[in-house]
Amino acid sequence: MRINAEHSGIGRSVRGIVAAGVLLAVSQILANAALAADCANPRKPVGGMSEETYHGVEDASALIAKNKNDDAIEKLRKLADSGTDFDKAVVQYNLGFAYTGKNDNASATKSFAKALSYNALPQQQHEQLQYNLGQLYILAGQPDEGIKALIAYVSEACTPVPADAHIFLANALAEHKRYKDALPQIDLALSKAKAPKESWLQLKLAIAYELKDFKECAQTLVRIIAIAPAKPEYWKQLSSLFYEMKQDTEAVAVLALAERQGFISKPNEIRNLYSVYMILELPYKAGTSLQTAIDKGLVPADEKNLEAVADAWINARESKSAEATLRKLAGMSERGDYFFKLGAMFGDEERWKESKEMLEKALSKGDLKRPGEAWMRLAVATYNLKDANATQAALRKALGYNESRKQAGEWLQHLGASPAAKTSS
């Protein structure tokens, strides 16, 4: 008596193995591929099944259902070498299923591989078993065999390959640094999914980064942000990528959006944002972002942060804001540099009287980084205030410093005054 394949127990799919707990650990890993089998002539069962095999498999299935896997294995082994290739394939399939019930993945893979070797199973069952086998090989620590089986599955399948299968394969390939092979697999998975999964896109991002394909990275991050807009790390990564690709406008736009949504909140992030704006010659944005952070209490209103704000306002030619910040700094610091910056700014604006007042305070307070420059600026202020004696006195002081000696001498010659002076440094 011969038994039709649909009654043989082959119909168990990977869902049965998942139920047995074998594949739970990898249910979220990624994969991909392309169809290439002769689907116009799909595989068909080679012959029927003998009555002995049919009843033996039926009894073994009942034992497996009762978790009596050892008994099932013993019964199936007695049938393993008898009957047609179809009989043998069915027995080996069920043996594999019994081994998975014992979490013996190594033995399960051997049985499933042997079942496939007979090439006697119907197309759908052959495909499903090939997919299961690829997963089990990887679980059993045989990644090369697993990849080979998975590639065979996706290449030969006549039924649609699920997106998860492509992802599983992609992950296995990526683990072996076969990034160029893995990337198309993820794209196939994404094309088949109704909505892209964040974890799949994360894998694609990681692979594209390994390949140094920053454009692909940026495009992937845009897709990730579309489905997970509330995660600040993606915004920061995207901005960094644009900056890496020298797409400064895009980098700043992303940072601005991240800041607007409150994603730039840690002191180091705020300072980094300030630095990026300054590097990109956007001092107004730099000053605004740092001052707002100070006002919100996200960073302290200390000398370091206020000086950074002042520098931004000066570069942005926001004189009122710069003046207000510099006056705060001048009142809280022992250094004269903040009075010097005020004096320099007023001089640039031709506010000579105020410039002279601030520069004199700077020199009086001392501890200047470039005192010669301060004396030169004071000379310019007094010259414009038509105070010739004060101008010459300031120029002679400037002669004493390396940074201003040459310029001060030229001025004194121009004014017809003697350049003789006592050297200060």
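**Helix packing and selected residues in the predicted model**

In helix α13, the residues Ala 251, Val 252, Val 254, Leu 255, Ala 256 and Ala 258 are buried. Helix α13 spans residues 248–260, and its 13 residues extend 18 Å from the first C-alpha to the last, close to the 18 Å expected at 1.5 Å a residue. The cover over the buried residues of α13 includes α12 (232–244), α14 (267–279) and α15 (283–295). After α13 comes Gly 262, a residue whose phi is positive, near 80°. As background to the spacing of residues along such elements, an α-helix has 3.6 residues a turn, so residues three or four places apart point the same way.

At the level of the whole protein chain, 22 helices and 2 strands are assigned. The protein chain comprises 425 residues, of which 46% count as buried. When contacts in the protein chain between residues at least 6 apart in sequence are considered, 58% of these join residues at least 24 apart.

Two helix pairs were examined in terms of their packing geometry. Two packed helices are described by the angle between their axes and the distance between the axes. For helix α11 (residues 214–227) and α12, the axes come within 10 Å and cross at roughly 155°. Because angles over 145 degrees count as roughly antiparallel, α11 is assigned as roughly antiparallel to α12. The crossing in which α11 passes α12 is left-handed. On the α11 side, the contact is made by Phe 214, Cys 217, Ala 218, Leu 221, Val 222, Ile 224 and Ile 225, while α12 contributes Tyr 234, Trp 235, Gln 237, Leu 238, Leu 241, Phe 242 and Glu 244. By residue class, the contact of α11 with α12 consists of 12 nonpolar residues, 1 polar residue and 1 charged residue.

In the second pair, the axes of helix α6 (residues 123–139) and helix α8 (residues 163–175) come within 11 Å and cross at roughly 30°. Since angles under 35 degrees count as roughly parallel, α6 and α8 are described as roughly parallel to each other. The crossing of α6 and α8 is left-handed. In this contact, Tyr 131, Gln 135 and Ile 138 of α6 meet Asp 164, Ala 165, Phe 168 and Ala 172 of α8. The residues involved in the contact of α6 with α8 are divided into 5 nonpolar, 1 polar and 1 charged.

When residues up to four places away in sequence are not counted, Thr 220 touches Leu 201, Lys 204 and Leu 205. Gln 92, which is placed in helix α4 (residues 85–101), likewise counts as buried, with a relative accessibility of 6%. With neighbours within four places in sequence left aside, the contacts of Gln 92 are with Ala 80, Ser 111, Phe 112, Lys 114, Ala 115 and Tyr 118.

Lys 177, located in the loop between α8 and α9 (179–192), adopts a positive phi of about 60° although it is not a glycine. The relative accessible area of Lys 177 is 62%, and this residue is therefore classed as exposed, the cut-off for exposure being over 50%. Lys 212, in the loop between α10 (198–210) and α11, also has a positive phi of about 60° although it is not a glycine. With a relative accessibility of 54%, Lys 212 counts as exposed.

Asp 144, by contrast, lies within a helix, namely α7 (residues 143–156), and is exposed, with a relative accessible area of 54%. In sequence, Asp 144 and Leu 173 are separated by 29 residues, whereas in space they are 9.2 Å apart, C-alpha to C-alpha.

Key:
Residues numbered from 1 in each chain as written. Predicted model: local features only at pLDDT ≥ 70, side-chain atom pairs only at ≥ 80, totals over all residues. Heavy atoms only, no water. Helix = DSSP H or I, 4+ residues; strand = E, 2+ residues; numbered from the N terminus. Expected span 1.5 Å × (residues − 1). Buried < 20%, exposed > 50% of the residue type's maximum accessible area, 1.4 Å probe, protein only. Contact = heavy atoms within 4.5 Å. Axes fitted to C-alpha atoms, helices over the stretch in contact; angles between N-to-C directions. Parallel < 35°, antiparallel > 145°, perpendicular 65-115°, else oblique. Left-handed = near helix turned anticlockwise from the far one by under 90°. Nonpolar A, V, L, I, M, F, W, Y, C, P; charged D, E, K, R; others polar.
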